[in-house]
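User: I have just opened this one and would like to walk through it with you. Could you start with a sheet and then move to a whole chain?

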Amino acid sequence: MNDEIRQRRWTFLKQMMLIRRFEEAVATAGAEKAFPGHYHLYIGQEATGVGAMAALGPSDKIATTHRNHGHVLARGADPEACLAEIMGRANGINRGRGGTIHLCDPELGFLQTSGVVGSVVGLAAGGGYACKLKGDGSLTAAFFGDGALEEGIAFECLNIAALWGLPVIFICENNSADALGMAKGGYPTLVHAANDLRSIPGSLGIEAIRVDGTEVEEVHRVVAHAAAHCRAGKGPLFIETVTRRWAGSAPLWPELATGITDIGMATGRTKIDDGPHSYWYRHNDPVLKLARQILQDDHSARMQIELLDEQTQAHMRAVVERVHQSPYPELATATDFVFAQGAA
Amino acid sequence: MPHQKTYAAAFVDALLDSMSDDRMVTLIGSAPLGLGPERHLTEELRHQYPDRVLDPPTAEGGVASVGAGAAMAGARPFVDLLTGSFVYLAWTQIVNEAANGHYMSGGKLQVPVTYHCLEGVRGAGAPQHSQSPHAMLWNAPGVEIVIPSMASDVYGLIRTAIASPNPTMIFSHAKILGIESDVPPSRTPIPFGKADIKRHGRDVTIVALSICVHHALAAAVELAEEGIEAEVIDPRTLVPFDEETILASVKRTGRLVIADEVPQRASAASEIAATIAERGFDYLKAPISRVTRPDTPIPFSPALEQSLIPSARKIAEASRALCMYRNQ
């Protein structure tokens with residue numbers, strides 16, 4: 001293994017840990033009723049967001065969905081601005097207008113973050129159209145769940161992307177195998193007639209690849225391949241990442257079914273018992289998985305992993321503290337931003 | 001010197017000039033002039049910009065979504081959604097995606113997409129091809145709404161729509177494309193939110209939208225022969241809306257008729273009536289009168305169809321009735 005891959009693994013671990021600790025902080029704040037409304041966590045999908053984002057360039061565009069926290073953080077957004085948005089504060093990344101479902105930062109290349117799941121596929125096709133028009137080699141990546149493919153707009157826009165050869169990477173994070181789904185043996189999804197989601201883009205001639213969404217290196221490799229495919233003018237590509245989200249799909253106010261992540265389960269400090277979550281700890285948790293891979297390559301990394309985790313947790317504690325103290329938007333500004341002013 | 005042009009010709013001029021000025025302007029939907037005799041005019045667009053005129057699949061929602069996403073990513077698409085009745089298929093993409101983009105990003109995102117459709121009772125359209133969504137859209141904050149009535153306005157309004165940083169919906173009535181009117185010698189954008197007084201008068205204010213402007217002007221000629229001088233105002237844009245010009249007119253005339261070719265309940269006429277009633281009640285010498293369609297789908301049979309829609313005669317009758325109010 002060369003140094004570049006070693007270095008990249010550390011970068012991935014750092015980002016994935018940040019997302020994990022961030023989501024745990026969101027769940028904790030949610031349980032404390034520190035913010036209103038329902039919300040969706042990314043726990044268990046970190047390898048997909050982090051691996052995919054690392055394969056994109058700075059001028060690429062991104063469209064994402066209600067389960068966006070991991071994507072926005074993986075792209076480099078400030079966790080404090082993200083948490084402040086989720087808690088409706090004035091210093092939120094969208095000034096408190098979007099909340100958990102609509103975190104986005106156009107300066108980082110994000111288009112709209114839509115809560116209408118199929119729309120993400122359509123807006124991403126539009127992003128790809130703009131990229132092609134610009135002719136600067138940029139592309140658009142869409143992140144959406146398997147549920148997006150239940151809406152007609154997704155089919156319409158996959159068709160347009162294929163017809164017009166648009167540079168779009170459609171990344172379907174198939175997370176239907178959640179806690180509930182796995183218990184019922186349900187896969188790929190309980191509410192889709194297609195047994196293999198790849199057959200949907202496949203019917204339109206779009207190359208479709210399935211990848212283990214808990215393997216960050218694998219996701220990175222496949223998305224990098226797709227990016228090269230798009231940049232070469234070969235049109236769109238569809239990637240299904242098979243993820244094992246924890247906290248489940250059913251609850252709108254997710255519970256941390258596995259509790260706060262114990263990185264000791266990767267480093268050997270903590271014994272994994274034979275409880276109901278043991279399989280997930282051993283095989284599906286992408287953070288633990290990556291930490292184990294790093295350790296396998298270098299047994300002396302144990303201290304470094306635990307230190308990284310402590311630093312991440314301390315960072316998040318400080319973020320939470322500051323966000324709790326940050327103000328809500330001024331009421332007089334509630335009608336600001338209906339229209340953009342002046343020339344774009 | 002002003003010269004005459006059709007609405008359709010001025011419409012195409014605006015697209016040609018916009019595409020010439022900015023290579024990010026493209027036309028998605030190659031038949032914005034529909035199936036009528038003016039349709040050949042769009043050939044010039046295809047001829048001059050073969051790579052920037054696209055024929056999409058029959059997928060109104062998809063096309064609207066692609067337009068919104070492209071605008072979010074820096075393009076300036078002019079998206080034709082064909083018949084107004086089909087805009088409902090694209091509704092969530094317009095009102096839930098494009099319209100909300102700037103707001104829910106906290107002002108960070110701009111969505112400079114322009115949508116267009118041919119709306120209205122076009123003749124033998126039957127219920128599914130006769131609809132006018134402009135009033136429904138007026139209930140969706142975040143979209144600019146443009147409703148040109150004449151060649152003299154359509155050029156300047158389209159130029160402003162395409163240059164706008166916001167999503168804009170342009171409604172052309174299917175029956176006005178071939179109507180000629182004077183166009184100004186210089187091609188300049190028309191700012192949104194400025195109503196145009198199409199005819200000055202002292203006795204009654206007629207606020208008319210789209211094709212109803214033509215009916216109102218015909219009614220005004222008829223009324224003038226009877227000694228009633230009607231002022232005809234064309235708001236030109238519903239968002240932003242020029243309340244001041246209408247209020248000032250009603251202050252002078254004391255009477256208001258509003259003509260809008262949509263079902264009366266929650267029509268644009270209803271909203272204008274409510275606004276003037278709230279802000280200009282003291283100016284009124286008579287109740288406000290709305291000339292609209294009944295709350296019924298549009299029938300196919302020509303005689304039935306004609307009986308339901310606003311006309312010069314209905315507008316003249318409503319104006320007369322207001323002038324007679326309390327004189328009876």
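User: What is the strand order in the open sheet of chain B?

Analyst: In this predicted model, the five strands of the open sheet in chain B follow the order 9-11-10-13-14, with mixed pairing; strands are DSSP runs of E with at least two residues, numbered from the N terminus, and two of them pair if DSSP finds at least two bridges between them. Residues are numbered from 1 along each chain as its sequence is written, and chains are lettered from A in the order in which they are written.

User: Which strands stand at the edges?

Analyst: Strand 9 (196-199) and strand 14 (289-293) of chain B do, and because each has a single partner strand, one side of each is left without a neighbour in the sheet.

User: How do strand 13 and strand 14 of chain B pair?

Analyst: Strand 13, residues 256-263 of chain B, pairs with strand 14 of chain B in the parallel sense over four bridges, and B:I258 stands opposite B:R290 in strand 14.

User: Switching to chain A, how many helices and strands are there?

Analyst: Chain A has 13 helices and six strands, where a helix is a DSSP run of H or I with at least four residues.

User: And how much of chain A is buried?

Analyst: Buried residues, meaning those under 20% relative accessible area with a 1.4 Å probe and protein chains only, make up 59% of the 344 residues in chain A.

User: What does the C-alpha trace of chain A span?

Analyst: Along its principal axes, the C-alpha trace of chain A spans about 55 × 50 × 40 Å.

Terms used:
Predicted model: local features only at pLDDT ≥ 70, side-chain atom pairs only at ≥ 80, totals over all residues. Heavy atoms only, no water. Buried < 20%, exposed > 50% of the residue type's maximum accessible area, 1.4 Å probe, protein only.
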